[in-house]
Amino acid sequence: MRLDVITIFPEYLDPLRHALLGRAIERGILDVAVHDLRSWTHDVHKAVDDTPYGGGPGMVMKPTVWGPALDDVAALSGPAATVRRLESAQPHVPSDAVDIGKAHADGDNRPVLVVPTPAGAPFSQDTAERWAAEERLVFACGRYEGIDQRVFDDAATRYRVEEVSLGDYVLIGGEVAVLVMAEAVVRLIPGVLGNRRSHEEDSFQDGLLEGPSYTKPRIWREREVPEVLLSGDHAKVDRWRRDQALVRTAATRPELIEALQREGALDDRDRSVLDAPGE
Ligand code: 6GU
């Protein structure tokens, strides 16, 4: 997978090169390029924003800068051709899928353009899974009051544009949101996490939050690990873990339980646990 990020604060994205994502880069699974939006400015002040039409506070990012930046990043031309990169990556989508244009069901090979904004659709584990199957993601980080809307209307000819939000709060810019989304996506790429099972049991994978975990010692500060986890009975352990997940989810995210109920994803045992937790 290749990630491109366009930002006026390239150093803000340095954490992408560390830890888990850094290892994916070293292994050739991931290729990251961070582009300084100011490379596409034309004036001595390198201005990227201007006052909003219609008035109001703040500044809006200029289409005359963003348009050429998105053109060049899509084509890997101009300033985007020479950006510093760590390693080049192997394709991870099966090459026949790419060759015959089947990377997407509708044969659409335009890269996804992710626009982080509190006005976007909610980003979720489902979004992360969908994007983890892409060859290329381009992130456009806006600051100030946003980017001129025509930039995205125009970019739709070369990109599949997705405006997404992390939640109901306002960040100063998209950079931190990109770090969050990139980590959620990249950890789902086969070979990035050591243990394949570890994301089959993630929170949200079955619509539930994950329950508690324990490790040695068996007794710590007079607190014991739940007996069932020492039993060696895998069916019993699985059932206990689901019960814990149900109870935790009902307590902190009741709307997730309601969604499972509507989907018919709860059985009689699940319902009895929810009716009488701890019995
Ligand atoms: Cl994705 N971006 C910005 N700038 N603010 C946010 C957000 C994203 N999600 C919540 N607030």
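Modeller: Tyr169 is partly exposed, because its relative accessible area is 45%, between the 20% and 50% cut-offs. Keep in mind that this is a predicted model. Tyr169 sits in the loop between S7 and H6. The UniProt annotation "binding site", from an unreviewed entry, covers Tyr169 along with Gly142, Leu166, Gly167, Asp168, Val170 and Leu171.

Take Leu166 next. Its place is in the loop between strand S7 (160-165) and helix H6 (175-186). Leu166 counts as partly exposed, at 26% relative accessibility. Neighbours within four places in sequence aside, Leu166 touches Phe123, Leu171, Ala177, Val180 and Met181.

Back to Tyr169 and the surface. A nonpolar patch there is formed by Tyr12, Tyr169, Leu171, Val176 and Val180. Together they have about 420 Å² of accessible area. Tyr12 comes from the loop between strand S1 (2-7) and helix H1 (19-26). Tyr12 is partly exposed, with a relative accessible area of 38%.

Now the rings. The structure holds three aromatic pairs. One of them joins Phe9 and Tyr12 edge-to-face, at 6.5 Å centre to centre and 65 degrees between the planes. Phe9 is partly exposed, at 29% relative accessibility. Phe123, a contact of Leu166, pairs with Trp131. That pair is tilted, with 5.6 Å between centres and 40 degrees between the planes. Phe123 and Trp131 are both buried. Ring pairs also bring in Phe139, linking Phe123, Trp131 and Phe139 into a cluster.

Notes: Residues are numbered from 1 along each chain as its sequence is written. This is a predicted model: local features need pLDDT of at least 70, side-chain atom pairs count only at pLDDT 80 or more; totals for chains, interfaces and linings use all residues. Side-chain values use heavy atoms; hydrogens and water are left out. UniProt positions are given in the numbering used here, feature names are shortened, and annotations may be inferred rather than shown by experiment. Helices (H or I, at least four residues) and strands (E, at least two) are DSSP runs, numbered from the N terminus. Buried means under 20% relative accessible area, exposed over 50%, partly exposed in between (1.4 Å probe, protein chains only). Contact means heavy atoms within 4.5 Å. Patches are made of residues with over 30% relative accessible area and no salt bridge: like charges are joined within 9 Å, nonpolar side chains (Val, Leu, Ile, Met, Phe, Trp, Tyr) within 5 Å. Accessible areas come from the Shrake-Rupley method with a 1.4 Å probe; for residues, only the protein chains shown count as cover. A salt bridge is a side-chain nitrogen of Lys or Arg within 4 Å of a carboxyl oxygen of Asp or Glu. Rings of Phe, Tyr and Trp (its six-membered ring) pair if their centres lie within 6.5 Å; planes under 30 degrees apart count as stacked, over 60 as edge-to-face and the rest as tilted.
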